[in-house]
Amino acid sequence: MNLSMAGIDHSTADLDTRQHFGFSKSRQQQILHGLLAHPQVLGAALLATCNRTELYLSCEEGAELDPFDLLCQAAQMKGAPFRSMVRVRRGRDCFYHLCRLSCGALSQIWGEDQIITQVKNAIALARQEHCADSVLEVCFRYAVTAAKRIKTEIRFTRSNASVATKTQEALERFVPRPQRVLVIGNGEVGRLVASTLVQAGFSVGMTLRQYKYGQVPVPTGVDAFEYGQRYQRLPYFDAVVSATASPHFTLEAPAFLAVPQRPRLLIDLAVPRDIDPRCAAEGAQLLDIDTLSGSAIQEDHAQVMEQADAIIEKYRQDFLKWERYRQAASAS
């Protein structure tokens, strides 16, 4: 088999650049058929989300095609301005990448679940358009199966205990030491941070979405109030810690800077960002997850991926066995 892929994603390109590759479903259908018109292309699948666009190709043996060039030709766009942002993988690297992608290990939000559905939708569209050959079908099937097993057997974590400890240390180093801290977000990270800070002697407030009242536990000693009141309550706090999965800013610069007495320290634990970086324009200090505890998270991620790669290798061997059987059957 001759597998290759080319991709551009959030790790190499900003949103404005990725929008050039934000193909609609109908456009994806056209591109797939354009790719399959190439005499050496046996199958094609296109994964296009807000964070990435990736083309997977199955080609004739011996063909040395550039999947990114073919994508740009099929999409009738100039690829030269984006060449440095594109990653091309072949063979084993292509399969490993698809497995890691499918389990959320390459997502902006570590371990997120939506991507596995998007991967399944990508091969389903290729199948619907009669553009997926047996190699791509089996490759994607094994990748999705491996991803499901990884998600079942390995707990994806963001080193939450380390994050909470690092947050406490950052607050205690700040001069003058904050006494009153607002935690925005009542998920696992937010609750752990709030509990850690209460135990360390801080006075802690926490925001709750109105619809979640009574549905989530509030840590002992924490004063909870409705998320919509956060700007009104800001003058009562010396520091803010934000840790949500929101796609939008929890603190926007115009509203934050309009508060007459603002917190001096802002700690953003979210990926993507919770706090508008412009909030630090007038006297406030802003720390993000990379500067706060990036090394702890990277170490944790490396441990998770070591376990995940062992599972992926098992499915890669199964994929190779299938290929050997296929070749033997075609030769007989």
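Student: Which residues have the most contacts inside the largest nonpolar core?

Tutor: Tyr56, Phe95, Leu98, Val119, Phe140, Ile150 and Phe319, in a core of 41 residues. This is a predicted model: local features need pLDDT of at least 70, side-chain atom pairs count only at pLDDT 80 or more, and totals for chains, interfaces and linings use all residues. Residues are numbered from 1 along each chain as its sequence is written, and side-chain values use heavy atoms, without hydrogens and water.

Student: What makes a set of residues a nonpolar core?

Tutor: Its members are buried Ala, Val, Leu, Ile, Met, Phe, Trp, Tyr and Cys residues, joined through side-chain atoms within 4.5 Å. Buried means under 20% relative accessible area, with a 1.4 Å probe and protein chains only.

Student: Which element gives the most to this core?

Tutor: Helix 6, with 11 residues. Helices are DSSP runs of H or I, at least four residues; strands are runs of E, at least two; both are numbered from the N terminus.

Student: What does Phe95 touch?

Tutor: Cys139, Tyr142, Ala143, Ile312, Tyr315, Arg316 and Phe319, leaving out residues up to four places away in sequence. Contact means heavy atoms within 4.5 Å.

Student: Why are strand 5 and strand 6 called paired?

Tutor: Pairing needs at least two DSSP bridges. Strand 5 (residues 180–184) and strand 6 (residues 203–208) have 4, in the parallel sense. So they pair. Val181 stands opposite Val204.

Student: How many bridges join strand 5 to strand 8?

Tutor: 4, and the strands run parallel. Val183 has Val241 as its bridge partner there.

Note on methods:
Buried < 20%, exposed > 50% of the residue type's maximum accessible area, 1.4 Å probe, protein only.
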